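Q: Could you walk me through this one? I'd like to start with charge pairs and then move on to the chain contacts.

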Protein chains: 2
Amino acid sequence: MSKIISSAVIRRMPRYYRYLADLMERGIERISSNELSHIMNVTASQIRQDLNNFGGFGQQGYGYNVKELHAEIGKILGLDNTHNVIIIGAGNLGKALAGYVQFEKRGFKITALFDNDPKIVGKSVRGFTVQSIDDLRDYAKENKVDIAAFTMPKEHALKMAELVPQLGIKAIWNFANTELDLPRDVIVENVHLSDSLMQLSYKILNGE
Amino acid sequence: MSKIISSAVIRRMPRYYRYLADLMERGIERISSNELSHIMNVTASQIRQDLNNFGGFGQQGYGYNVKELHAEIGKILGLDNTHNVIIIGAGNLGKALAGYVQFEKRGFKITALFDNDPKIVGKSVRGFTVQSIDDLRDYAKENKVDIAAFTMPKEHALKMAELVPQLGIKAIWNFANTELDLPRDVIVENVHLSDSLMQLSYKILNGE
């Protein structure tokens, strides 16, 4: 896919994927773009436009086949591949992520947890033995790692942002609340939990 | 503010706020819209448009006063108010949220943690004693609660979504990975951590 797709479209695709999964679970086989638009709170024309970026999947007068569209969006998002994810920072957030069942359902397989705290290293978390950060280099040599989740404190994140790309790990899921200075070919997704709190505050203020 | 502001604009405001806070920390007093646009990776005209929704704050030839703009955006987001936040579900995620220092910096004050597990109730987490969910009703009568963070498993979230609005709590920060069926006047912000993983997967696939 060489066409540049806007980031707003990319941001909506996981939402489509989730809603379609939900419809599938409820045994719904097809849906009109109007109904889909209603449950997703987006206009039907927005949905058509979004999907047309990838070829478009609906049929006039039929709507969308839920299972097919779910599979197609999964492919667009690369969810038909398995991604091995390591978690760096086995504190509360790292442990919480290690326990999210639906990551695995979507092809994200947590494969290891690392920490630098001798009190945590060696402990068992959801069936994983927390490994020492000193062993990360060897681990990455011997195992395929697609994504490193950064759940360590800010001050360690900067150091890890230097090491991780050297190990051939090309994607970082960053919870460390700091902008990382990374080589261009490393892909970063920053998660700022307080952004959603701030949006909530706006809605409270404006009664939305 | 009676004008309807699009959700895309609202989503960008916390980002502006964070970037401006970062500039302040670095001692930068003013910034041109071009520079701001460069660090934020948004066009300068987008920034002007976004801010014009709220009256616009830049001065031709001067740019933006970092501290003033930060304060103005804080007001737009309602961050000049203090919000009392309770956390329902004192598992790993609940504990992680209780420990986020920057929430408090932005006026979100964690005031209590609740859980239904007798093994967890009574334990201390970051200086809070985890309270029994059975005591939530009384707690809400005696204390101002602005936001309830839902960090419990999905199956309990549905039950809590019935209870919480009855207690006069008007905003839910929902991590429970399920759509909640709530009265219209309850404001919900859903956090889907796997959405950002799916976006990361898309970027890996497309080498962005």
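A: A term is needed before anything else: a salt bridge here is a side-chain nitrogen of Lys or Arg within 4 Å of a carboxyl oxygen of Asp or Glu. Please also keep in mind that this is a predicted model.

Q: How many salt bridges over all chains, and what's the count between chain B and chain A?

A: Over all chains the structure holds twelve salt bridges, and the count between chain B and chain A is four. A salt bridge also joins A:Arg18 to B:Asp195, with the closest N and O atoms 2.7 Å apart.

Q: Which element gives the largest share of the side of chain B that touches chain A?

A: That is H9(B), which contributes 14 residues, the largest share of that side. By class, the side of chain B that touches chain A has 31 nonpolar, twelve polar and 13 charged residues.

Q: What about the area, how much do the two chains bury between them?

A: Chain B and chain A bury about 5,400 Å² between them, with 62% of it on carbon and sulfur atoms. Of the area that chain B buries against chain A, B:Leu197, B:Met198 and B:Tyr202 supply 13%, more than any other three residues. In terms of contacts, 56 residues of chain B meet 56 residues of chain A.

Q: Switching topic, how do the axes of H1 and H2 of chain A cross?

A: The axes of helix H1 (residues 7-25) and helix H2 (residues 33-40) of chain A come within 11 Å and cross at roughly 110°, which makes H1(A) roughly perpendicular to H2(A).

Q: Which residues meet there, and what classes are they?

A: From H1(A), A:Arg15, A:Tyr16, A:Tyr19, A:Leu20 and A:Leu23 meet A:Leu36, A:Ile39 and A:Met40 in H2(A). By class, this contact has seven nonpolar residues, no polar ones and one charged residue.

Notes: Residues are numbered from 1 along each chain as its sequence is written. Chains are lettered from A and ligands numbered from 1 in the order in which they are written. This is a predicted model: local features need pLDDT of at least 70, side-chain atom pairs count only at pLDDT 80 or more; totals for chains, interfaces and linings use all residues. Side-chain values use heavy atoms; hydrogens and water are left out. Contact means heavy atoms within 4.5 Å. Buried area is the accessible area (1.4 Å probe) that two parts lose on being put together, summed over both. Helices (H or I, at least four residues) and strands (E, at least two) are DSSP runs, numbered from the N terminus. Ala, Val, Leu, Ile, Met, Phe, Trp, Tyr, Cys and Pro count as nonpolar, Asp, Glu, Lys and Arg as charged, and the others, Gly among them, as polar. Axes are lines fitted to C-alpha atoms, for helices over the stretch in contact, and angles run from 0 to 180 degrees between N-to-C directions. Angles under 35 degrees count as roughly parallel, over 145 as roughly antiparallel, 65 to 115 as roughly perpendicular and the rest as oblique.
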